[in-house]
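Me: I am new to this structure and would like to go through it slowly, one question at a time. Could you show it to me before we start?

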Amino acid sequence: THDHEMFVDEILECAARKAPAEIALHCGGEAVTFADLLARVEARVDALPARAAPGDRIAVLAENRIEFVELLYAVPRAGMVLVPLNYRLHPEEWPDQLARVEATALFAELDLLERFAGRLETVGAVRTVVDLDQPAAAAPELTRRTTPARSDQRSDADLAWLLFTSG
């Protein structure tokens with residue numbers, strides 16, 4: 001039970017508790033259970049403070065992949081805001097979006113990063129770029145959490161995701 005409205009990442013926590021062995025998602029021939037997805041999210045939560053601070057906006061530029069789903073839950077769980085960028089946009093539009101939200105970190109697939117072709121340097125707020133195709137970035141080390149992500153350190157008013165729309 002929660003003494004607040006449920007945070008988006010707590011939906012995964014509940015699913016992992018109720019049906020840990022059930023498949024949460026299939027992607028690229030890999031099946032991930034709810035328990036495994038939660039463990040992967042926790043590993044990302046543990047790794048995020050080395051790349052950004054609470055309240056920071058973290059952009060992700062990727063097609064459908066497991067790491068994208070991990071970031072959907074991990075970034076808000078770490079007290080940060082996830083900003084998914086549309087990989088179908090023209091690469092000239094990505095720097096503007098990164099600048100508008102003042103993203104401090106960008107997680108992206110290598111081929112999409114290469115489409116930036118020098119434009120990323122024009123986005124002053126981005127301090128960290130993580131290539132999701134690198135093994136360490138794709139699957140951070142699963143370690144036992146030393147300090148849990150605590151709901152009481154967050155507010156119901158905190159943003160989880162910041163989404164651009166077409167309209």
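Me: Which residues does L48 touch, not counting residues up to four places away in sequence?

Reply: This is a predicted model, with residues numbered from 1 along each chain as its sequence is written, in which local features need pLDDT of at least 70 and side-chain atom pairs count only at pLDDT 80 or more, while totals for chains, interfaces and linings use all residues. Side-chain values use heavy atoms, with hydrogens and water left out. Taking contact to mean heavy atoms within 4.5 Å, and not counting residues up to four places away in sequence, L48 touches A74, V75, A78, M80 and F107.

Me: Which residues touch the most other members in the largest nonpolar core?

Reply: A nonpolar core is a set of buried Ala, Val, Leu, Ile, Met, Phe, Trp, Tyr and Cys residues joined through side-chain atoms within 4.5 Å. Buried here means under 20% relative accessible area, exposed means over 50%, and partly exposed lies in between, with a 1.4 Å probe and protein chains only. The largest such core has 26 residues, and those that touch the most other members are V41, L48, I58, V60, V75, M80 and F107.

Me: Which element gives the most to this core?

Reply: Helices (H or I, at least four residues) and strands (E, at least two) are DSSP runs numbered from the N terminus. Two or more residues of the core come from each of helix 1, helix 2, strand 3 (57-61), helix 3 (66-77) and strand 5 (103-108). With 6 residues, the element that gives the most is helix 3.

Me: At what angle do the axes of helix 1 and helix 2 cross?

Reply: Axes are lines fitted to C-alpha atoms, for helices over the stretch in contact, and angles run from 0 to 180 degrees between N-to-C directions. The axes of helix 1 (residues 8-18) and helix 2 (residues 34-47) come within 8 Å of each other, and their crossing angle is roughly 140 degrees.

Me: How are helix 2 and helix 3 oriented to each other?

Reply: Their axes are 8 Å apart, and the two helices pack at an angle of about 60 degrees. Angles under 35 degrees count as roughly parallel, over 145 as roughly antiparallel, 65 to 115 as roughly perpendicular and the rest as oblique. Helix 2 and helix 3 are therefore oblique.

Me: Which helices do the buried residues of helix 1 pack against?

Reply: The buried residues of helix 1 are D9, E10, L12, C14 and A16. Helix 1 meets helix 3 at an angle of about 115 degrees, with their axes 8 Å apart, and that contact is made by V8, D9, L12 and E13 of helix 1 and Y73, P76 and R77 of helix 3. The buried residues of helix 1 pack against helix 2 and helix 3.

Me: Is T104 buried or exposed?

Reply: T104 lies in strand 5, and, residues up to four places away in sequence not being counted, it touches A52, D56, R57, I58, A125, V126, R127 and T128. T104 and A59 are 45 residues apart in sequence, yet 7.9 Å apart in space, C-alpha to C-alpha. Because its relative accessibility is 7%, T104 counts as buried.

Me: Is E102 buried or exposed?

Reply: E102 has its place in the loop between helix 4 (93-101) and strand 5. Although E102 is not a glycine, it has a positive phi of about 55 degrees. Because its relative accessibility is 55%, E102 counts as exposed.

Me: What percentage of the residues of the protein count as buried?

Reply: The secondary structure comes to 6 helices and 6 strands, and from the N terminus on the elements run α-β-β-α-β-α-β-α-β-α-β-α. Of the 167 residues of the protein, the part that counts as buried is 45%.
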